[in-house]
Amino acid sequence: MVVSSCSLTWISPCLSYKLKNLVHPNDLPHNTATSSSKNIFCAMDATSSGESHFQRRPLLLGIGALTVNLQPTSSLFAQEIPKKYRAFVDNIDGYSYIYPSDWKEFDFRAHDSAFKDVLLQLQNVRVRFIPTEKKDIRDMGPVEEFIPYLVKHRFAAPNQRPTIYDMQERSVDGKHYYTVEYVLASQNYSSASFATVAIGNGRYYTLIVGAVERRWKRVRNQLKVVADSFKVLDI
């Protein structure tokens, strides 16, 4: 699949200063694994959830074709867990999300938790966090400024071309979350992902769930459920 590129080069000086001491280059995913252990709560699935029509909307940043959605959202466990998903709840580190029930846990370097498809290991979800003095993700700047900087300078490697397809802002129990859908393309490989970022408990949290881009149309709606389920818990 041919991936169209978009310009992500403009960032305000104020935003660059804010990001200097918050997001570290180690936020880039790596394939090397290390060992870790966690005390977690996992809940089984309960009800079914439908899939919405797949539609990708490239954002031509700098020409005004930006869509930002503000979505009030209820708490993750105020409703039953969708069918074919499980819940991961980390009350020690203060976050939760759901993931496909047939995925298995694995170690992902510098990440606090991770699960992957049993057969397709590049189809996975992982969460990490770093300390911050910020109180809310909005302190990093508006979604339309902060997210393009994040994708280009923290998620993309130097040899990758980033393309953003959608950005969303949502609020859950008074906490704010930014979610972005994007593709990272290089000469021999392209991946598509959702990333959800939030701040709470003196921590900057990042959840990334993705797959090989050629499979994105088939799994996109399933993985969007994971991205939208991420929640910061008070600890």
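Select S193 to begin: it is buried, with a relative accessible area of 6%, because buried means under 20% relative accessible area, exposed over 50% and partly exposed in between, using a 1.4 Å probe and protein chains only. This is a predicted model, where local features need pLDDT of at least 70, side-chain atom pairs count only at pLDDT 80 or more, and totals for chains, interfaces and linings use all residues. Residues are numbered from 1 along each chain as its sequence is written, and side-chain values use heavy atoms, leaving out hydrogens and water.

S193 belongs to strand β10 (residues 190-200); strands (E, at least two residues) and helices (H or I, at least four) are DSSP runs numbered from the N terminus. Now show its contacts (heavy atoms within 4.5 Å). Setting aside neighbours within four places in sequence, S193 touches V180, E181, Y182, I208, V209, G210 and W216.

Next, pick Y177 and F230. These rings form an edge-to-face aromatic pair, 6.4 Å centre to centre with 85° between the planes. Rings of Phe, Tyr and Trp (its six-membered ring) pair if their centres lie within 6.5 Å, with planes under 30 degrees apart stacked, over 60 edge-to-face and the rest tilted. Y177 lies in strand β9 (residues 175-185) and F230 in the loop between α3 (216-229) and β12 (231-232), 53 residues apart. Both Y177 and F230 are buried.
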